[in-house]
Structure formats: C-alpha cells, structure tokens
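Dear colleague,

Please find below the structure for your review. My notes on what was found in it follow directly after it.

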Amino acid sequence: MTLVRYEIRDGVAVVTIDNPPVNALAASVWSEIDEAVQRGVADAAAEAIVLIGAGTTFIAGADIKAFELLKTPADSMARSEGTHALLKRMEDASKPLVAAIHGNALGGGLEVAQACHFRIATRNAKVGQPEVMLGIVPGAGGTQRLPRLAGAAMALTMCTGGKPVAAPEALAAGIIDQIVDGDLLTGAIAFATAKARAREIRKVRDIVLPADAVTAGLEACDATRAALKRTAKGLRAPYAVVDAIEAGLTLPFDQGSVREREIFAECVASTESKALRHLFFAEREVAKVPDVPKDTPTKEIRRAAVVGAGTMGGGIAMNYANAGIPVLLKDVDQAALERGIATIRRNYAVTMSKGKMTAEQVEQTMALITPTTSYDGFDQVDIVTEAVFEDMDLKKSTFADLGKVTGPDCILASNSSTLDIDQFASASGRPSQVLGHHYFSPANVMKLLEIVRGRQTGKEAIATSLKLAKKLGKVGVVVGNCFGFVANRMLAYYMREAYLLLEEGASVEQIDRVLTEFGLPVGPFGMQDIAGIDVGARIRQYLKSIGKSRAEGPQSAIPDRLFEMGRYGQKTGAGWYKYDAPGSRNRTTDPLIEDLANEEARKRGIVRRPINDEEIVARITTALANEGARVLEEKFATRPGDIDVIYVYGFGFPRHRGGPMFYADTVGLPTVLSRVNEYRARFGDYWEPAPMLEKLVAAGRGFYD
Ligand code: 3H9
C-alpha cells in the first residue's frame, strides 16, 4: 500500500489516508481504503477501526481530474456503482468504524465518513457536499445518507448550495457525533474503543425517517425547486440534487442509490459540469506564472497607500482595510477626500445593514484608513496603488512623485484600466517595482485583479502581487501590457458588436435581455450605465488624440453622443436607459436611443432589420473568442484558462459556460471560424479571423486540446 497506511494503536486499527495535498480519492485511494478496512475487520489485534487523514485535511473529495476519464454516462454509472458497493462493504464492517475528521471532509470525503459508523471532528473542521459547484450531484451515496443523518432540509441546503458547514453546526445537525478538542487521533481511538466495548454500530443507510419527516422533506424539495428558479437560472445540477434527494425520500436505500447513480452519470457528462470542472483547475492555474517560480521571494505588505479617493481608489483602500492592512488614502483636495471617505462609510453601512459586519467591526476597519492630502508617511508604506483620473500625463507625474516619496523597495501599482504601464515605470525611475493592479468596479466587491506586467517589472513584484491578491480576497491573474490589457481589450470587441447590433436593428433592451438570459448578471448597456458612459468616452478621446481606436472596425457614434448630452448612466439619471433619479437603479426604456440608432444607421447606410436572439449571442461571443485568440497568440495572456477566469471574475461571464474561450470550444471552433468568415463577408474586413483560430481549426483542435 502506498497511499493508505495501516497500523494498530492501543487495540484499534488506524487507517491513514496519505495522498497530498488534500487526500483526494484517486482510484487507488478508494481501493486501498477498502483493503485496509477489511484488514482491520479481519485483524484479531483490532477491536475497532479509525479512518483519518494525514497532513492538513481529512478528504477533499473524489479526484476531480479523474472525471475526465468518465467519457460516457455508462462509465460514470460503472464507477459510481463500484463506489457504492465499496462503501456498503465498509458500512457492513463488523467492528465500529470511526471517521476522524480534521480540515475538510468534502464531497466523496463526507460520503466516506457517512459510510463509517460514527464521525468525530476537530472544532475547526468543515464538512460539505460541494459537488453542485462542479455541476454534479454527490455520487457516492451523499444524497441518500445525508437526509437520513441530518434531515432532508439540511441535506437540501448543503447539497444545492455547496457551502461547507463548520463542525459545531454539523454536530447540532447530527452529521457528526462528537467534537474533539485535544489530539484527534487519541480522541478517535478512545471513542472507537468505547463503541467497541458497548458493541455499538450504527449504519446510516438503515435509518428510517418517520412519515412526517418524509412529508416535510418532500415539501422542502418543492420549496427548494421554487427558490432555485431565482438563484440557479440556466443550471441543471441544483435541480438534479433535489431529484436525487427526493428519490431517497420515497424509495428504499438501494433503489434511491440507483437513482442517484443515474443522475450523477447524466450530470458528469453535461457541458455545465465540464465547464465548472475546467474553471476549478483554471482558477488554481492562474497563480502559476511560468517564469516566476513558486519560491520567488515576496515582500511582506504591512502598510499600504492609495492615491486618488474616487470610486476606485476608495474601493481599493477598503480592500486593504478589510484585510487588516493600514492604508493611507490620499487625494489632492480636502473636499474630494471627504467625499471619498463618506462613500466608504456608506458602503460599510450597507454591509452592516445586511448583517455582514457589526458597528464595532466597521469602526475598527474605518480606523485603518487614514485620509491625507499630502505624501507624509509614504516613505513607510510597502505598496502604493495609484487610482487617479485615467489621464496619461497626470498618471506619469504621479509616478514621478511616487518614485521620490516612497522607500526604495516600495511596490508602485497603477489601477489604470488601459494605459501603458511602461510609461509610468519610466516616470517613476524604478521600473522593476512598477506594475498594474487593475481592479474591477466596484473594487471592494469584484474579485478579479489583473496584475499587469510591464517590460521591466521584476519577478518579486509579480510574486508579491499574486500573494497580496489572495490576502485581499481577489483572484490575481498576470497579464501583459497591451492596450486595455486582457479584460478591457476584449471588452472593446464585445461592446463594438453590441453597439453595431443596436444600429442594425436590435434594441438596447433586447441585447441586454439576451445576454442576461445567456447568464451574464447584466447586459452591455446596463453595465455601461453602472460603470459610467463618461469613462469609456474619455478613453476614446485620449485614443483619438494619439491616433488610435479601441477595437478594429466601425465605431458607433451613439456612446459619444450620449456623453455629449451629459447622459453618463445611473449617476446622472440617464444613459442607455432613463432612471427615476440620479443614482437610482429603476430604469425604463428611453425612445431617444431608438431615434439615435435610426439616425446613425441612416448615416452609415444601414437598413435596420429585426435581429434574432441567436445572432446576438453568436456575434458577441464570436467577437470575444476571436480577440481572445489574438491575445493568446500575442502572449498577453498565458493560457486560455486565464482569459476564462478573467471573464468569470471581472464581468460575471456565466461559470456554467466556462468562460469565453471554453464556451468557444463547446460551440466548436470550426463553427466559430465559419461565423467570423460569414461576418466578414456580410460586414467587412474588420472581421478577420485570428491566425490562431485558423491554425487550431486546421489542426482539428480546440483552445483546450
Ligand atoms: C466528489 O467528491 C464526487 C463524489 O460525490 C463522489 C463521486 C463518485 N481533486 O484549492 P487549493 C488540488 S467531487 C483533485 O489550492 P486550498 C488543487 O487543484 C469533489 N485535486 O487549496 C490544488 O492543486 P495544485 C468534491 C484537488 O487549501 C491543490 O489540491 N470536492 C481536489 O485553498 C490544493 O488545492 C470538492 O469540490 C480534488 N477534489 O483549499 C472540493 N481538491 O496545487 C474541492 C483540491 O496543483 N477542493 N485539489 O494547484 C477545495 O474546495 C479546496 O481545494 C480545499 C482546499 C478547500 C479542499
């Protein structure tokens, strides 16, 4: 045996799973656990058996990579059948079998524990059935045993939400039998010995729920399905979980288990699950930058500063304060600073009103933010994030100042969303410490941080930024320094198509509806009204001044016309929509937009036509994939998965579609390429296939092959 150890301690067989880093249940781990438990049953020296994890955790679930081997539902059925049989053998052990849980017992890990006769855990352990986050249902009896152990309502919450519960809650729910405050193994041996002496064995599968609990459980299933209509739009797995739990309530254990296996097999094969599994690994992969080794030294960030107390600057300062890092917040004039601080306070008041922070926590966190109008104290900080107006000269002069007022190894980050980081780097006089930290609005909420690598950015600054991102609760993705970096560079193509579709005949409402039905939290026009039409307009003005444009192809004049009218979006009470009042989110259609679209179409000689919903999705996602291919080819993103993570965390691209590059693979790259060619014939040469797209199609490959 290599991944599971067996030893006798004080008359108890101790079975230790040792498959770092998280004791995932690879095929050999399953079989070695099986062997070890049967050995314990047969071993005269053992009166009970304890199952425990080595390292930092019990078992984090089945090996997610191994799902790729399940090519057909029949493969999944067979695999799951074997697992069910194995767990039944464990449950039939004639000696008390105790799971001793520390760290996490997740997915298959909790299912293994539920097939044991008893479960004990450390106080800070967590248990959960997170399979739904991977687009599947628990496939090793979880939907059958958990309702018997904890009741249907709890099982529904855990299996449809996927969130783990802490040991005290698990104890109260009956999922675990005891919390151990001292050494876990010692406690487990004592517990198991006591159960052996009392000749106590409890099989979860034999628990019979009383009739009223079954009735209540079935009602809870209906209520959960109704609630999912709001929270799980476009998803199958949460409903599949309810189906499997419902089967367990109405059928005997073995039949319910067969139903679970069928549902599991159907889910494993779904695109939803493939997309979510892809993202699980892509999210972990982004932290690995090929030429920045894991052991690259990093700088400890103990104090920070932010320059610019506008919406972004304030949000960034909140990120630091939330992570317990004291932060100076500088703005040029006192009034702007006071406005910034007032906004921060308002944001915390909202968090407090949702019960997510106490008044005391708000005060403690606010106390970490020190407003200032000078550079005093900047010589003591480890990092500065510049968040001044998106203006090249202003940013350059800010970096020149920062180069002088900060300590020699202070990291200097720019929150620019588009501009050339290398120019700030030269202005600072110490380019190796300069890079971009591009947050997404609202900066205190959105989880993406694009870490923009300039020509001379040092590895230490990158490694430190990746570590810092984690500390700030963000997902850091390292990208190259092209215009708009990765997120906004691709977004320009997404927006171009949205504007052109409007001019060609679609309405703002239709485009926003279609994209929210596709799964985005907000459509392109609604999004712009939130972000501010002025922001994009100022960037276009700057680009014009240097003779560039954001995306290839015709640029609609409508956004600039709205800007000229002072219609900046929600903040001014009008943009692509009309709002009840400035700052309100209650929107209505504005006939003015249709007039503008008609006017612009006339000017460009376009005859407006009805556009179907499919064309809207196809045009917009094709534009993203084609530009994404260019970004990859030009090496501004390391992997297609990095782009997918950027779009999921930066713009809420639906997780169950895997991100724009993964989605393109599911559509099929030959289809994507033929669409590009078709659009080129219909609309003009600005639709040009990215060379990488052509190469992949010629080779019969996708972005992920
Ligand atoms: C399941 O169980 C189905 C069943 O119903 C039975 C079916 C028959 N598999 O996240 P981290 C890797 S489905 C393979 O950075 P943390 C991960 O990729 C499963 N690999 O650490 C990473 O690798 P690398 C249900 C896994 O401390 C490394 O471990 N379970 C798995 O921030 C460290 O991971 C889940 O969904 C896995 N199951 O968080 C739980 N888990 O170093 C999934 C982790 O090469 N896991 N890895 O990048 C987690 O939620 C987190 O990993 C955990 C630790 C909270 C455990």
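Ser270 sits in the loop that links α10 (253-268) to α11; helices here are DSSP runs of H or I with at least four residues, strands are runs of E with at least two, and both are numbered from the N terminus. Ser270 is buried, at a relative accessible area of 19%, where buried means under 20%, exposed over 50% and partly exposed in between (1.4 Å probe, protein chains only). Its side chain reaches the backbone nitrogen of Ser273 at 3.1 Å. A polar contact is a pair of N or O atoms within 3.5 Å; within protein, one must be able to donate a hydrogen and the other to accept it, and residues adjacent in sequence count only if both atoms are side-chain atoms.

Please note that this is a predicted model, in which local features need pLDDT of at least 70 and side-chain atom pairs count only at pLDDT 80 or more, while totals for chains, interfaces and linings use all residues. Residues are numbered from 1 along each chain as its sequence is written, and side-chain values use heavy atoms, with hydrogens and water left out.

I turn next to the ligand. It is surrounded by 24 residues, the closest being Gly108, Glu111, Glu131, Arg284 and Lys288; a residue counts as near if one of its heavy atoms lies within 4 Å. Ligand oxygen atoms lie 2.7 Å from a side-chain N or O atom of Glu111, 2.8 Å from a polar backbone atom of Ala62 and 2.9 Å from a polar backbone atom of Gly139. Taken alone, the ligand exposes 1000 Å², of which the protein buries 74% (Shrake-Rupley method, 1.4 Å probe). Two or more residues of the shell come from each of β5 (104-106), α3 (108-115) and α11 (271-285), and α11 gives the most, with 3 residues.

Strand β4 (residues 97-101) also deserves a remark. In β4, 5 of the 5 residues are buried, so the strand is largely enclosed by the rest of the structure. Leu97, Ala99 and Ile101 are buried on one side, and Val98 and Ala100 on the other. Strand β3 (residues 48-53) runs parallel to β4 and is joined to it by 4 bridges, strands being paired if DSSP finds at least two bridges between them. Within this pairing, Leu51 has Ala99 as its bridge partner.

Yours sincerely
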